[in-house]
Amino acid sequence: MISIIICSRNQSLLNDIQINISQTIGTNYEIIAQKSPNGEMGIAKAYNLSGAKAKYPYLVFVHEDVQFHSENWGQKVIKHLENEATGLIGVVGTKIKTSAPSGAWLNNSLLDRFFMIQRNPSGDNYIKYANPLNEEISEVKILDGLFLCCRKNVWKENKFDELNFNNFHGYDIDFSLQIQQLYKLYVVYDIELEHFSNGGNSKAWIVAMIKITKKWNNVLPTYITGIDDILSIEYNAIDYYIKALIQNRYYSIHTILIYVKMLYLDIFNLNNLKIIKYFLKNIHKNKI
């Protein structure tokens, strides 16, 4: 019933997740692994190629560096997706996509929704759980690409944008923004998985966030009804993004324009000066 699609860069991790899936999924399945050991194929293209080969009506796009802990999780995926109004489910997401460049979550406990186990580089792990309303499922606007599930017909209507997102960043946010125009997106809390890596905000991530902002300019911000203080949320998103620009030494006219937008949103905020200090500190640290 489920086609599991993986873009694989590591044969050992692929072997491990194949065994784990066989022991936990609890329904008929196939695994379609598109290998890209050196990252020569972007994840969006790999997912589209594999989606076209899928023989089952439900698709699961998942990273290979995970382990499922829930028994019969495949049956739970199917049950969630049987609702025709549901377009996409996952385990990490947020209730708003700001007009400012931002990722699949905002580090905001009121807006982000999580249910996963995160493993640290040291080997320790901890539960990341954010469900302040104690919901069975939480409607969101963006889902993280770690684990994405949809019906095959939904994917056919909203294929991954492999032209604009040709590496490993941004494809999930773009996919979410496409699907949320016609369907609802949810973080679910009955599928437990463990993620082995933390990720990071590289220059490639920055470029992808810029592309998303430009592509969806007429749609953003988009958010779940009832969210207040959008300007404050936008301001905090810019604050996080500017720090990522500085950390990656991504200095351009874009950086200046983003800072000007930050000032426009809240010119008297003392954090504006902290950003300047942060910038100067990093200049000194990197000896630019």
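1. Of the 288 residues of the chain, 52% count as buried, where buried means under 20% relative accessible area with a 1.4 Å probe, protein chains only. The model is predicted: local features need pLDDT of at least 70, side-chain atom pairs count only at pLDDT 80 or more, and totals for chains, interfaces and linings use all residues. Residues are numbered from 1 along each chain as its sequence is written, and side-chain values use heavy atoms, with hydrogens and water left out.

2. The chain contains 9 helices and 15 strands; these are DSSP runs numbered from the N terminus, with helices (H or I) of at least four residues and strands (E) of at least two. Its radius of gyration is 19 Å, close to the 19 Å from the globule rule for 288 residues, so the chain is as compact as a globular protein of that length. The radius is taken over C-alpha atoms, and the rule is 2.2 Å times the number of residues to the power 0.38.

3. Among contacts in the chain with a separation of 6 or more, 79% are between residues 24 or more positions apart; contact means heavy atoms within 4.5 Å.

4. Helix α7 (residues 230-247) has 18 residues and reaches 26 Å from its first C-alpha to its last, close to the 26 Å expected at 1.5 Å a residue. The expected span is 1.5 Å times one less than the number of residues. The buried residues of α7 include E234 and D239, as well as I230, I233 and Y235. Just after α7, R249 takes a positive phi of about 55°.

Conventions
Buried < 20%, exposed > 50% of the residue type's maximum accessible area, 1.4 Å probe, protein only.
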